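Please read it alongside the sequence and the coordinates.

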Amino acid sequence: MLGSVEARLDGRPVELGHARQRCVLAALMVDANRAVAVDRLIDRVWGERPPQRAQASLYSYVSRLRQALSPAAGDADIERRPGGYALAVDTYAVDLHRFRDLVERARTADDSDAVALFEQALALWRGEAAAAQDSPWFNSLYEALHRERHAAELDLVDVLLRAGRHTGLPAELATRVEAHPLDERLVGQLMLALYRGGRASDALARYEETRGRLAAELGTDPGPSLRELRQRILTADPALDTPAPRSAVGPAAPPAPVPRQLPAPPPMFTGRNRELARLGKLLEPRAERGGTVVISAIGGSGGIGKTWLALRWAHSRQEHFPDGQLYADLRGFSPSGPPVPAAVAVRAFLEALGAPPGSIPADPDAQAALYRSLTAGKRLLILLDNARSTTQVLPLLPGSPTCTVLVTSRHQLTGLTAAHGGTPLTLDVLTETEALELLTRHLGAARITDEPEAAATLLRHCAGLPLAISILAARATTNPALTLAALAAELHEAATRLDALDAGETATDLRAVFASSYEALDAPTARVFRLLGLAPGTDIGLPAAASLTGLPPSRLRAHLRTLHAAHLVQEYTPRRYTCHDLLRAYATELSRTFDTEAERDTALDRLLDHYVHSAYAADRLLLPHRDPLALPAPPDGVVPEQLGDRDEAMEWFTREHTVLNAAVEQAARLRRDTRVWRLAWATLTFQSRRGHWHEVESVQRAALAAAVRLDDRSAQAECRRGLAWALAQTARSDEARRQLELSLALSADLGDDTGRAHAHLTLSWVCGLEGDEQAAFRHDLLALDLFTAAGHRSGRARALNAVGWDRIQHGDYRQAVVDCEEALALQRELDDERGQAGTWDTLGYAYQRIGDYGNAKECYRRSLRLNRALGHRFNEAETLVHLGETHHATGAVPAAREAWQQALTILIGIGHPDAELDPVRARLQELDTPRP
């Protein structure tokens with residue numbers, strides 16, 4: 001009955017006759033095994049208007065049904081009983097009764113069993129209950145059954161939310177809310193699922209929508225439960241967070257994050273209905289699309305609204321992408337720097353998808369392959385904004401047809417269309433009607449009606465560009481006393497003055513629109529706007545902007561609020577600001593016109609000093625035992641970041657590292673060479689820990705060139721060591737060796753024994769990669785002597801550990817234990833966790849070779865704990881290999897298999913060369929090969 005009324009025997013349908021005859025069977029099924037009076041049957045089947053010979057018709061229908069059910073005699077029989085008829089049947093064979101039984105059991109079961117029971121119950125539904133039946137009784141039954149189904153769905157969602165299984169719920173719940181918009185329990189479930197998915201603003205928006213509906217349709221406010229949930233979301237109540245998973249074995253792995261990277265939707269979006277409809281076709285069934293990744297390339301000139309259209313469509317279709325949305329501004333036409341390299345964007349996407357930083361391979365092709373693996377089978381939206389070329393986009397395309405890709409660009413990207421099936425959508429200016437509607441939304445209908453000719457003049461200057469209309473409207477909105485006629489006159493004068501500055505890419509009228517808003521600013525705010533155009537990267541934090549402008553943050557915020565109100569900058573997240581690249585170009589043009597070269601240089605120097613001092617402080621938190629730099633005090637007006645601990649330092653680097661790379665590029669271009677190599681030095685630890693080896697190489701090469709221009713041989717030696725580290729990590733050991741030998745020679749000329757020691761340690765590591773153990777030992781002994789003579793305790797500890805490893809390779813296990821224990825003692829005194837992690841592994845390996853397997857296992861476990869806490873994935877894999885060897889030597893084959901399998905998984909995940917993978921694979925294969 002939970003769908004059309006039908007019967008099946010051994011999976012084959014039974015012919016039950018016409019709809020009215022099926023109605024008789026359904027009326028009996030509802031009261032299975034109980035007699036239903038003839039009069040009641042007639043009422044159920046025909047209602048208040050039965051035919052003249054209703055009883056005769058009923059008898060005829062019952063007779064035909066008995067004949068139809070005769071092959072199932074004994075399992076389903078219609079019996080004549082006193083007062084009426086009864087369907088004698090196993091109630092569990094009737095889907096209605098089975099559904100009710102499963103639901104009742106689910107409501108009294110534990111959550112783990114309840115989910116399965118609810119899902120079994122709901123799977124019985126095949127459509128609308130008692131479909132095609134039409135009588136008052138059946139209509140009432142239909143409504144009751146669907147209420148039961150709805151209640152079961154709500155109960156199941158409650159169980160899933162209690163279990164923390166909310167990831168896929170928002171899309172399904174949003175559809176149900178459309179059908180039941182006033183069901184406050186359902187709305188509450190959707191709000192909680194959205195909140196746990198990182199979409200608190202969407203949850204609160206859903207509450208406001210429901211509140212408005214209740215007021216309009218029922219004249220009431222939301223009930224206390226929904227109001228309480230709203231308040232708890234506003235205060236980020238920890239009790240709303242996802243419950244911790246329960247496991248008898250141990251803590252479960254955290255679920256993969258659901259990325260929600262879309263910027264806020266454009267609040268004043270207007271028109272574009274035809275374009276939105278075309279984009280809507282992206283969600284056609286995959287079979288109709290040919291089973292390929294859907295790509296739409298939105299093209300058009302700057303300021304025409306490409307990003308607005310993409311964001312408007314993306315936000316309106318979020319429920320279709322339950323696995324999240326990825327967003328990247330590729331800076332294809334940014335005046336502040338070059339386009340974002342595809343490898344950098346891929347890396348950011350991998351981190352957003354939950355890939356542990358240490359598991360991300362260094363090779364860009366391997367990163368792209370991992371990206372395709374992580375997106376496979378997921379219903380993701382990937383929005384690539386402001387792309388420069390097809391080449392920049394290609395590595396960011398997923399391989400799964402379940403994903404949808406939107407690309408915006410000022411270029412047509414014909415290669416994307418031709419080779420990858422991209423659907424081009426060229427955006428034109430707004431129509432006159434749409435432009436007028438957008439201006440009206442900003443200013444209100446009354447002002448447009450009062451000055452229609454002036455409004456038409458303003459729109460003529462804006463040329464249908466949404467960006468221009470929004471900026472101009474902001475000027476009129478923030479100064480209601482300014483008439484539209486006066487604004488139109490100003491705009492005409494500005495257009496004449498700015499003709500000589502027209503660079504050709506955008507209409508002179510657009511520059512005039514910018515000018516009209518700029519000239520309405522007070523002088524201090526105008527200066528802030530001009531200087532923001534000089535900053536590297538696509539955004540800037542408040543402390544950095546304070547350093548750039550030389551203003552205290554409290555005073556600067558007032559200027560930034562004014563710029564935000566004028567639509568000249570956006571505070572897209574608290575204390576971080578950005579602006580459209582056309583506005584950035586305009587601000588830069590103004591600064592070159594109105595600020596002296598000395599003023600611009602001073603502002604940029606303050607900003608670069610801000611990044612140098614902030615990055616240096618963050619690096620000291622990440623690696624306190626690294627040899628420090630002798631930095632001068634921050635100059636007046638520079639406001640470095642205040643960071644408290646290692647976690648805050650990592651968060652700051654994660655937030656700023658693309659801006660820091662842009663700062664290095666800008667400083668190198670402007671020959672601020674001392675700042676270039678210092679900034680490169682300060683970012684090395686973070687970039688290395690995150691595996692950003694190609695960024696390390698690029699930054700260190702820029703730093704080396706700067707050091708050469710400065711003729712700073714100490715800085716050159718430092719930069720060559722950093723560059724060698726990146727080269728070795730990307731399998732270019734020959735070039736790495738050359739850089740290290742040059743670094744060693746520079747340090748020797750300078751009499752810098754500590755620099756020589758660092759170079760020898762790194763050379764030893766490179767020699768080990770090449771299999772030259774004798775050379776590795778020589779370099780480590782030299783490093784040990786140099787560190788000892790210099791009184792460099794952390795360096796001595798590192799060298800002792802390295803020498804201990806070398807002694808193990810030569811069979812001197814007892815002396816290796818002595819070296820490692822001395823290293824550990826130093827590292828404990830210094831609280832050097834990174835050093836301890838490596839030394840515990842070496843000490844364990846020495847005990848393993850001696851045959852002291854108990855001590856070996858304990859050392860390996862200590863090393864594993866530290867490496868996992870530090871995120872050193874390769875070191876973790878090495879220790880797991882050694883631990884597996886120890887388990888195997890003691891006959892613990894299952895434990896050995898588990899350790900080696902974990903190691904292999906890590907090595908594959910970080911894209912390590914096959915030369916390292918093969919020995920682990922061989923060990924696992926040996927375990928699976930039966931012995932004769």
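Leaving aside neighbours within four places in sequence, Thr654 is in contact with Phe686 and Arg690, contact meaning heavy atoms within 4.5 Å. The C-alpha atoms of Thr654 and Arg690 are 9.4 Å apart in space, and the two residues are 36 apart in sequence.

## Basis and confidence of the model

This is a predicted model, in which local features need pLDDT of at least 70 and side-chain atom pairs count only at pLDDT 80 or more, whereas totals for chains, interfaces and linings use all residues. Residues are numbered from 1 along each chain as its sequence is written, and side-chain values use heavy atoms, with hydrogens and water left out.

The predictor's confidence in each residue, pLDDT, runs from 0 to 100, and its mean over the chain is 84, with 91% of the residues reaching 70 or more. Confidence is highest in helix H25 (residues 542–549), at a mean of 97, and lowest in helix H12 (residues 286–289), at 44.

## Overall build

The chain has 42 helices and 13 strands, and its C-alpha trace spans about 115 × 95 × 55 Å along the principal axes. Of its 932 residues, 51% count as buried. Among contacts between residues at least 6 apart in sequence, 66% join residues at least 24 apart.

The accessible surface, computed by the Shrake-Rupley method with a 1.4 Å probe, comes to about 41800 Å², and 50% of that area belongs to carbon and sulfur atoms. There are 106 positive and 120 negative side chains, and the centres of the two sets lie 3 Å apart. In this count Lys and Arg are positive and Asp and Glu negative, with His and the chain ends not counted, and the place of a charge is taken as NZ of Lys, CZ of Arg, CG of Asp or CD of Glu.

## Salt bridges

Side chains of opposite charge can pair when their charged atoms come close. The structure holds 41 salt bridges, each defined as a side-chain nitrogen of Lys or Arg within 4 Å of a carboxyl oxygen of Asp or Glu. In one of them, Asp605 pairs with Arg672, the closest N and O atoms being 2.6 Å apart. Because Asp605 lies in helix H28 (residues 597–622) and Arg672 in the loop between helix H29 (646–669) and helix H30 (673–689), this pair ties together parts that are 67 residues apart in sequence. Arg672 counts as buried, at 14% relative accessibility.

Asp673 and Arg709 also meet through their side chains in a salt bridge, at 2.7 Å from N to O. Asp673 lies in helix H30 and Arg709 in helix H31 (residues 693–710), so the pair ties together parts that are 36 residues apart in sequence. Asp673 is buried, at 8% relative accessibility, whereas Arg709 is partly exposed, with a relative accessible area of 37%.

A further salt bridge joins the side chains of Arg756 and Asp753 (3.1 Å, N to O). These residues are three apart in helix H34 (residues 753–769), and are therefore separated by about one helical turn. Arg756 is partly exposed, at 25% relative accessibility, and Asp753 is partly exposed with a relative accessible area of 30%. Elsewhere, salt bridges that share partners join Asp601, Asp605, Asp609, Arg672 and Arg675 into one network.

## A buried arginine without a salt bridge

Arg720 is placed in helix H32 (residues 713–729). This arginine is buried yet has no salt bridge, and the nearest side chain of opposite charge, that of Glu735, is 8.4 Å away. Not counting residues up to four places away in sequence, Arg720 touches Leu704, Gln739, Leu742, Ser743 and Leu746.

Technical notes. Helix = DSSP H or I, 4+ residues; strand = E, 2+ residues; numbered from the N terminus. Buried < 20%, exposed > 50% of the residue type's maximum accessible area, 1.4 Å probe, protein only.
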